[in-house]
Amino acid sequence: MAIAILIAALAGATLALFFQPRWWFPDAISAHARAYDSQFALTLWVIGCIFVLAQGGLAWIAFRYRDQGQTPSANSGNNRLEIVWTVATAAVFLALAFAGQGIWAGVHLAVDDPRALHVEVMAKQFAWSYRYAGADGVFGRVDIRQIDDAGGNPFGIDSTDPKGADDITAAILRVPAGRPVELRLKSRDVIHNFFVRELRLKQDVVPGMTIPLRFTADKPGTYEVPCSELCGLGHHQMRSALVVMPPDAYEEWLQEARQKVVLP
Amino acid sequence: MTIFSTDHKVIGKQYIGLALFSVLLGIVLSLVMRFHLVHPDAKVKLFGALWPDGAPGGQMTPELYLSLMTIHGTIMVFFVLTTAPQSGFGNYFLPLQIGAHDMAFPVLNMLSFWTTALSLLTLLAAFFVEGGAPLSGWTAYPPLSGLGRITGPGQGLGQDLWILSIALFCVASLMAAINFIVTIIELRAPDMGYFDMPLTCWGWFVTALISLFAFAVLLAGGILLLLDRTAGTSFFVPGGLIVNDQIQTRSGGSPILFQHLFWFFGHPEVYIAILPGMGLISTILSTFSGKKVFGYKAMAIALLAIGGLGFVVWGHHMFISGMSPYSSIAFSVLTLAVGVPSAVKTFNWLATLWGGRLRFTAAMHFALGFVSIFITGGITGLILGQPGLDIYFHDTYFVVAHFHLIMGVAAIFAIFAGLHYWFPKMYGRFLHEGLGKLHFYMTFIGVYAVFVPLHFAGFVGNPRRYPDFKEYEFLKAVMPLHIGVTHAAYFLAAAQLIFLFNYFWSQRRGAAAPANPWGATTREWRDD
Amino acid sequence: MTNTARAGQTLLIAASSMFFAAFTSAMVVRRGLSGDWIAPPLPAWIWATMLLGPLASWLVQRGQIKSAMAAGAMLVASQLALLSNLRMAVIGEAFCAVLIAAHAAHAAAGVAALGRFGARAGLFWHFVGALWIYVLFLFGVWA
């Protein structure tokens, strides 16, 4: 009896938490993020119904069949019922699996956009760096022996390659709103993870690999980038930021940054 | 009762004792972590005394927090969830339930327990060596775990001991798995076919089959990782690395390869923890409903299906790892498919209760609690199993909440249910029913209060494995939630003291139990 | 051989197979991923050791356990000799060393089991012999 009430009460309290506005996703800032939110809402409704029916059913059965001296039924199985609920569950679950593929494909199976802004991302214990091609639109060669964090060359841009002389290196990721961006994620020590909540994007950054990550942010603002793969004792401080700028402000910043590049 | 006993009942109790010690240690570690999360700047003399290097002046360092987290996870997964339901209850009750005198290989059985004990000591030794325990988590991903001291304190000898401990555990589990399977195949009573076995035996059977294949792969992965650390190989360590400003000489290794080997074991491990519990819960629900298990055959087949499908879903732990996006789609479909037999089990549990005459003993309380937790923890799998949705939640507190409920708490509820149910058989006395129910109510409320809010930290995007949340603007919002969770965790831990008292008090003073106190129908309750 | 002994060995063989399958698949993946693969140089005499496993099996069948153990010990000794020449920093040789060492551990256990249980441990020994042929072909032909 008490347990029936408790199950119902705890399930109700769980549901009630969904009606507080405080602990929830930040606002979406890309088409992908909005698609993500609607697939999440769909899934949440489905599992919400399952949750209510299952917990409610459990509580009701515990109440209804409490010991009142009745004779227990001798029913110990029903093959038709087994088939029905197996097929029904499979249909619902697999439908969810297929419905969810769209947002995945949108991030990972998209083709390169010729208009895309390419930015290289370098992760290390415990900092992020970003590299933009200079006015020539080409990234210079790198040489790991020339990596020098204190000297402002975290990527190890090769001083013997003229194409790298105008590359811009930054500690914050700035992108123009509305333009497709393609990041190329690299790590030079352990696995890190690039996460922007507002973009609903997260990608491991694996040493030895260059992993692409594409997005188009449409809402200017500053968004925090927390490292989201355990990378050592400074993991929780490996913080960076994505700054989405209005296109003209971005151009202005870019021109300024280009002028500041010191030729190595 | 001799120390190196070969008697299955003694070994079963030894495993339960080892799990009890481990779970208490694991709980203490989690309380220290929960305290630190909400008081990151507190200076605690006790911490300074326990860990002079990790908490100088009582101020906990991030590396100490991460090593507590690593040992908490390792202890709970391996030495609690893998030992108690399978090796503890299984050793004690499998021979009794199938009418055998003992396990097939009693000496091997003794060896597997003591290898497990040695493995636990090896793990705990990591706290006492230079640099302390490893900080790479229970998943120990290279290169963080593959390059030695240079990647962080604890990554030296501490990480070596961790790998050695896991390797020993693998060997012990392989020996146990062989023993369980042979016992079931060869030593069943002549009148007992496979589909006459209680579902508990089916749970242990499928779990042993999973262990046999999964631990062999983990052992192989552990050996390769150890060689990367000690012999200068490049299995998992790629070229072109600069760690701590030093250029590394390795080349060509793949960090993702380790993840494949690890999760090929790691996902079936979830089922190793929960399948024995599923079998046990079926038995308890049936006994206290006064009904047979509904859909017995479907339940046995569902266990086999979960065990089988469990081997082809490991990739859902790696959706954001950088592996091929096409394989994620396949793993996603298979992952949601493995949810189907789990749902079938839930339907059958409800149908077992339906039309029964429910006796709310303490064991029955925990069994009903198990079903409730299994539902709550299980349905979030429908979110995490979709790679597109997993992107946001991966490595956040949402995942922490999900696996603690479905793997940790559900299995622990099954252990509590089992202890209440079988205590009379093990000690000839009852666990105190009133204290048992009080313990249940506090634990059930405590578990919901701890883990449901953590999902909401996940909605905010709160990354896991952070020693504190001071660095980020957006994490300031979740602090009140974490403070609440920490208080709920204190409450939950305090509730376990009731059980601890009950467990030891009842062994001496509990009410004497008759031979078959619950009116059960399985063989272990017949006279010896 | 009792049923439990046969079942126990069969399961041990299943677990060992999985253990070697894990190494093999790791090798396939690792080899495919990077351009640094060089086939490990194995001396020609190694092919002769292929016969030691089946020889010991034949001796077990004839009840000559001591001779079988001697053949098994020779196999282990030749494996240890091979191991001393492999360089761990070269990935192909490292995999070769891991598989040979893993096999040597199995062969040594097989010899010990023959000493302890006699012909009852024959099934495991047959597996050890076959496994060695597999390892040799893996490196001699495929890698």
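**Figure 1. Burial and overall form of chain C.** Of the 143 residues of chain C in this predicted model, 38% count as buried. The secondary structure of the chain consists of five helices and zero strands, and along the sequence of chain C the pattern reads α-α-α-α-α. The radius of gyration of chain C is 16 Å, close to the 15 Å given by the globule rule for 143 residues, so chain C is as compact as a globular protein of that length. The C-alpha trace of chain C spans about 50 × 30 × 20 Å along its principal axes. Among the contacts in chain C between residues at least 6 apart in sequence, 72% join residues at least 24 apart.

**Figure 2. The contact between chain C and chain B.** Chain C contributes 23 residues to this contact, and chain B contributes 28 residues. On the side of chain C that touches chain B, helices α1 (3–33) and α4 (91–117) of chain C each supply at least two residues. Helix α1(C) gives the most to this side, with 16 residues. By residue class, the side of chain C that touches chain B comprises 17 nonpolar, four polar and two charged residues.

**Figure 3. The contact between chain A and chain B.** Here 79 residues come from chain A and 93 residues from chain B. Both helices and strands of chain A take part: α1 (2–17), α2 (31–64), α3 (79–99), α4 (101–108), β7 (201–205) and β9 (221–226) each supply at least two residues of the side that touches chain B. The element that gives the most to this side of chain A is α2(A), with 13 residues. The residues on the side of chain A that touches chain B divide into 41 nonpolar, 24 polar and 14 charged.

**Figure 4. The surroundings of Thr122(B).** Thr122(B) belongs to helix α5 of chain B, which covers residues 106–125. A residue is buried if 20 or more other C-beta atoms lie within 10 Å of its own. Thr122(B) counts as partly exposed because it has 19 C-beta neighbours inside 10 Å. When neighbours within four places in sequence are left aside, Thr122(B) is in contact with Leu161(B), Leu164(B), Ser165(B) and Leu168(B). The view also includes Asp160(B), which is 38 residues from Thr122(B) along the chain; the C-alpha atoms of these two residues are separated by 9.9 Å.

Conventions
Residues are numbered from 1 along each chain as its sequence is written. Chains are lettered from A and ligands numbered from 1 in the order in which they are written. This is a predicted model: local features need pLDDT of at least 70, side-chain atom pairs count only at pLDDT 80 or more; totals for chains, interfaces and linings use all residues. Two residues are in contact if their C-beta atoms, placed from the backbone, lie within 7 Å. Helices (H or I, at least four residues) and strands (E, at least two) are DSSP runs, numbered from the N terminus. Ala, Val, Leu, Ile, Met, Phe, Trp, Tyr, Cys and Pro count as nonpolar, Asp, Glu, Lys and Arg as charged, and the others, Gly among them, as polar. The radius of gyration is taken over C-alpha atoms; the globule rule is 2.2 Å times the number of residues to the power 0.38. A residue is buried if 20 or more other C-beta atoms lie within 10 Å of its own, exposed if 12 or fewer, and partly exposed in between; C-beta atoms are placed from the backbone.
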